[in-house]
Amino acid sequence: MSEENVGKLFVGGLNFDTTEDVLDSIFCKYGPLLEVLLMKDRETHRSRGFAFVTFENPDDAKDAEKDLNGKVGEFFLQLFALHYFIQFCGLSY
């Protein structure tokens, strides 16, 4: 792995409604971020289901990968299920 990509993580299995702000709020807990790059469809501008998150410190990237590996997709599924349930019930948050 090249030196410039040491703190970069691939994040896959994302919901198509995922935004950079949501990813930032999840990953910034592990340390300062250099970039959150959400890959988007050219026509619809919606998420293509994957992103790259780059940390300033490679150790922060390792910590995030260790804690979140296999969990980010599940988190988004739960978040959006809750969002649609709240809408269905006519509630607000």
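## Exercises: sheet, core and rings

S1 and S3 pair in the antiparallel sense, with five bridges between them. The model behind these exercises is predicted.

**Exercise 1. Work out the strand order of the sheet and name its edge strands.**

Step 1. Take the strand order. The sheet is open, has three strands and runs S1-S3-S2, with antiparallel pairing.
Step 2. Look for strands that pair on one side only. These are S1 and S2, the edge strands.
Step 3. From one strand to the next it averages 15°.
Step 4. Pick out a bridge. Phe-10 has Phe-52 in S3 as its bridge partner.
Step 5. Place the helix. H1 packs on the sheet and touches S1, S2 and S3. The direction of H1 makes about 140° with that of S2.

**Exercise 2. Find which elements supply the largest nonpolar core.**

Step 1. Size the core. The largest nonpolar core has 15 residues.
Step 2. List the residues with the most contacts inside this core. Among them are Leu-9, Leu-23, Phe-27, Leu-33 and Phe-55.
Step 3. Assign the elements. Strand S1 (8-12), helix H1 (20-27), strand S2 (33-40), strand S3 (47-55) and helix H2 (58-68) each give at least two residues to this core.
Step 4. Follow one residue. Leaving out residues up to four places away in sequence, Leu-33 touches Asp-24, Phe-27, Cys-28, Val-53, Thr-54, Phe-55 and Glu-56.

**Exercise 3. Classify the aromatic pairs Phe-10 with Phe-50 and Phe-27 with Phe-55.**

Step 1. Count the pairs. The whole structure holds four aromatic pairs.
Step 2. Take Phe-10 and Phe-50. Their ring centres are 5.9 Å apart and their planes meet at 35°, so this pair is tilted.
Step 3. Locate that pair. Phe-10 lies in strand S1 and Phe-50 in strand S3, 40 residues apart.
Step 4. Take Phe-27 and Phe-55. The distance is 6.4 Å centre to centre, with 70° between the planes. Planes over 60 degrees apart count as edge-to-face, so this pair is edge-to-face.
Step 5. Locate the second pair. Phe-27 is in helix H1 and Phe-55 in strand S3, 28 residues apart.

**Exercise 4. Decide for Phe-10, Phe-27 and Phe-55: buried or exposed?**

Step 1. Apply the cut-offs. Buried means under 20% relative accessible area, exposed over 50%.
Step 2. Phe-10 has 54% relative accessibility, so Phe-10 is exposed.
Step 3. Phe-27 has 2%, so Phe-27 is buried. Phe-55 is also at 2% and buried.
Step 4. Return to the exposed Phe-10. Ring pairs link Phe-10, Phe-50 and Phe-52 into a cluster.
Step 5. The charged end of Lys-8 sits over the ring of Phe-52, 5.8 Å from its centre.

Conventions. Residues numbered from 1 in each chain as written. Predicted model: local features only at pLDDT ≥ 70, side-chain atom pairs only at ≥ 80, totals over all residues. Heavy atoms only, no water. Core = buried A, V, L, I, M, F, W, Y, C linked by side-chain atoms within 4.5 Å. Buried < 20%, exposed > 50% of the residue type's maximum accessible area, 1.4 Å probe, protein only. Helix = DSSP H or I, 4+ residues; strand = E, 2+ residues; numbered from the N terminus. Contact = heavy atoms within 4.5 Å. Pairing = 2+ DSSP bridges. Axes fitted to C-alpha atoms, helices over the stretch in contact; angles between N-to-C directions. Phe/Tyr/Trp six-rings, centres within 6.5 Å; stacked < 30°, edge-to-face > 60°. Lys NZ or Arg CZ within 6 Å of the ring centre and 35° of its normal.
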